[in-house]
Amino acid sequence: MIKAFASAVFALAVLTGTAQAESWSLSSDDSKISFGSVKKGTVGEVHHFGAVSGKVAADGAVKIEIDVASVETWIDIRNERMLNWVFDAVQFPNAIITTQLDMKKLEALKAGDTMTMDVTANLSLAGQSGDIEASLFVARLSDGKVLVTSDELLMLNVADFGLTDGVEKLREAAKLSSIAQAAPISLRLVFTADEKSAAVSPAVVPAGLKVSAVAAAATVAGDPAAGAKAFRRCKACHEATSEKNKVGPHLVGVVGRAAGSIEGYNYSKAMASTAIVWTPEALGEFLKNPKEYVPGTKMVAKLKKQKDIDDIIAYLAEGAK
Ligand code: HEC
């Protein structure tokens with residue numbers, strides 16, 4: 001579960017030509033993990049953890065820590081019993097969730113867009129660990145903010161984490177006829193991008209990618225109407241107004257998109273594995289000489305005139321209108 005947020009802030013890079021986040025942090029104030037319990041077969045109650053923190057590293061590794069002592073069941077004695085008997089909080093003060101994200105997918109998500117994703121996460125709780133399958137709903141609120149919620153309720157089986165005895169103790173102490181052995185869990189996680197000064201880590205910066213204000217200005221100077229005409233040279237292989245792949249992948253929303261990210265299109269190995277994000281600058285370099293910028297690419301079309309390059313980028317950036 002809990003994966004998701006992520007990604008380079010390419011949209012920001014498009015706008016400013018500078019900063020690109022490489023890692024994300026959980027905004028503890030905006031985040032909440034809740035779980036439910038059902039006692040006596042009919043009485044449902046909702047509890048939550050107040051202290052949750054976490055990080056998504058640049059390579060997509062996610063780690064979320066729940067301070068189990070922050071459990072809130074709205075009854076003091078119950079909080080205490082849960083901590084001692086169920087979570088064994090003295091010995092295991094944190095529940096830890098880890099998972100690995102496909103950053104490319106997340107990088108391709110633009111501000112205002114949403115998607116669902118299925119993940120397998122490892123949960124370590126009270127000294128036991130196990131995998132949980134989760135369907136998540138991911139919304140990119142802005143360039144630097146991502147909301148992740150559970151798309152469906154997650155069900156945690158008490159027995160899978162060795163919590164059966166603790167729950168049984170709770171039941172006896174509270175003189176209840178039963179406590180359900182499955183607990184529904186819901187998530188609300190908000191991640192914010194960590195600022196970083198370098199555009200991309202050196203390992204993935206292709207030679208020639210220089211994010212410069214001059215290049216950005218040149219891009220802005222492009223004429224989209226002229227670009228629409230110049231784009232005729234690309235049309236044999238690319239659609240820019242509908243999400244249809246031809247010889248090349250469709251270019252709808254390509255500005256700000258992660259390279260090699262259109263699902264169902266058969267990219268070259270080189271394009272599929274590059275970490276490039278199609279900022280105006282990166283597109284400019286690519287269109288000048290695709291093979292030099294992405295060695296091994298299948299794309300051969302070159303543009304000689306800087307004006308054509310600028311115009312086409314302006315056209316694509318405006319949604320190919
Ligand atoms: C003869 C066919 C052909 C023409 C003409 C062509 N392209 Fe391509 N283009 C491709 C192919 C094939 C790929 C996939 C490259 C790969 O997988 O290495 C591609 C990839 C791209 C990508 C990367 C897309 C992605 O999803 O990462 C961009 C951007 C692009 N082309 C822009 C253009 C532009 C702009 C023009 C016109 C100036 C153009 N192409 C002309 C065949 C073509």
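Two strands are said to pair if DSSP finds at least two bridges between them, and helices (H or I, at least four residues) and strands (E, at least two) are themselves DSSP runs, numbered from the N terminus. This is a predicted model, in which local features need pLDDT of at least 70 and side-chain atom pairs count only at pLDDT 80 or more, while totals for chains, interfaces and linings use all residues. Residues are numbered from 1 along each chain as its sequence is written.

| Partner of β5 | Sense | Bridges |
|---|---|---|
| β4 (residues 52-56) | antiparallel | 5 |
| β7 (residues 94-100) | antiparallel | 7 |

Within these pairings, S53 stands opposite E65 in β5, and K63 stands opposite T98 in β7. The hairpin of β4 and β5 has 4 residues between the strands, and G60 there takes a positive phi near 95 degrees.

A residue is buried if 20 or more other C-beta atoms lie within 10 Å of its own, exposed if 12 or fewer, and partly exposed in between, with C-beta atoms placed from the backbone. Helix α8 (residues 280-288) is mostly covered, with 8 of its 9 residues buried, among them P280, F286 and L287.

The ligand is surrounded by 27 residues, of which the closest are C234, C237, G248, S268 and M299. The elements that give two or more residues to this shell are α7 (269-273) and α8.

Conventions
Near = placed C-beta within 6 Å.
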